[in-house]
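Good morning. Please look at the model as I go along.

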Amino acid sequence: MAVHPGLSVVIVGGLHADARKAAVARLLADVPGSVVLHHDLATAAAGTVVRTIGDASGILDAGEAPLVNDCACCALREDLVPELERLRDAGGTRLAVVELWDSVEPKAMAEVVTAGGLTVTGVITAVDPALVLPYLGNGDDLADGGLAAAATDQRTVADTFARQLEYAPVLAVADSPEADDEDRELLAQLHPTARQVPIRHSDPADTAVDDLTVPTPRHRPLSPLARAALAGFDVEAAAAAQHPACALLPAEADAHGVSTLVWSGRRPFHPERLYAALEDLTCAAARSRGRFWLADKPDTLFHWDAAGGALCVESAGPWLASLPDAAWEMVPPVRRAAAALDWHPEHGDRCQHLVFTSPGLDRDGLERLLESCLLTDAEYAAGRDAWQRLPHAFDTLLEV
């Protein structure tokens, strides 16, 4: 376990509030000298965000942070770092647990805390396995459930939950009696590289800590969740792992009724045929993501991100093969390394790489549909000048 001087910060998030609170309670009970900071964005409609600070014994302090630009998340960003700095400067706090409000995403907060000069030693998303599929299939707007972080927040429950789940290297998994093997398998396939740590609701007799400031030999060894919270976290590497050009996407899998299909290709999509197939492709799996290549836009890497029956398609910048050699020095090393691993002598890093994960996945039908969207032999042989004269079917979608 890495040792960090001064205050360590762990970020605990997730839309599954009961699991999140259980994970926070476990950390407070297991790590002497730990406190929790929580900003309740549910009060934003009244013009303020309520901040509480507590420890294993309960709430120690409460205050309010005014909205910033009518945005509750902005208020959180403005208030969080000063509060953490105050705790650090006061001394006596070993671990600050930042419990994020329901729909706040850990990536943004980890980057804010790190940019503020503080040390993030862990990012944890708390999950109830029985709720993974219901949340991943929920295409409702956050605003409809009172979960929006700002008046302009247009995120959905499904895409927010997916990002919360996939960003964190550690998943605190609730002991859910409703979860079955399919639920647990879906969670494992969605984020196979995550370390899963079981959590249970704290038993009062198990949470007593003699001294919350200075650890002593009388204390039991740190729990797996506590060790994960203090293990260390690389914000830059975590961001790179989310970029579609070098993301660590799931591998092929098939167990307990859940499948992951990894589909790759070295021929571009026909824009019109792919556009016509978007609804069927989006609804084919509970979760799909990756990168793809359109024949009429051969220099642009497109990001595919679908959950809850909704698809987000956006430009993720140029393919490296389209850049002049001099520009490569400005590209992060991890991106260059990812491209080099799968470099094609003619197309460079241009490719199709889409991953679909779902219970009951129709793998054969999905593969046939994807293949039908590629350029035919004749279209491919016509060359790039002809490709770029194909209908620009995605222009309207990309402008939204």
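Contact here means heavy atoms within 4.5 Å. This is a predicted model: local features need pLDDT of at least 70, side-chain atom pairs count only at pLDDT 80 or more, and totals for chains, interfaces and linings use all residues. Residues are numbered from 1 along each chain as its sequence is written, and side-chain values use heavy atoms, with hydrogens and water left out.

I begin with His191. Leaving aside neighbours within four places in sequence, His191 is in contact with Leu165, Glu166, Ala168, Pro169 and Leu171. His191 lies in the loop between helix 6 (181-190) and strand 8 (195-199); helices (H or I, at least four residues) and strands (E, at least two) are DSSP runs, numbered from the N terminus. Is His191 buried or exposed? It counts as buried because its relative accessibility is 8%, where buried means under 20% relative accessible area, exposed over 50%, and partly exposed in between (1.4 Å probe, protein chains only).

Next, the lining of pockets. On a 1 Å grid over the protein atoms alone, a pocket is an open set of points with protein on both sides within 12 Å along at least five of seven lines, a cavity is a set where a 1.4 Å probe fits but cannot get out, and lining residues have an atom within 4 Å of a point. Among the 38 residues lining the largest pocket, Arg163, Glu166, Tyr167, Gln242 and Arg287 are closest to its centre. The second largest pocket has 20 lining residues, with Ala245, Cys246, Arg291, Ala338 and Asp342 nearest its centre.

Finally, the largest cavity is lined by residues including Leu37, His38 and Trp101. Strand 2 gives the most to this lining, with three residues.
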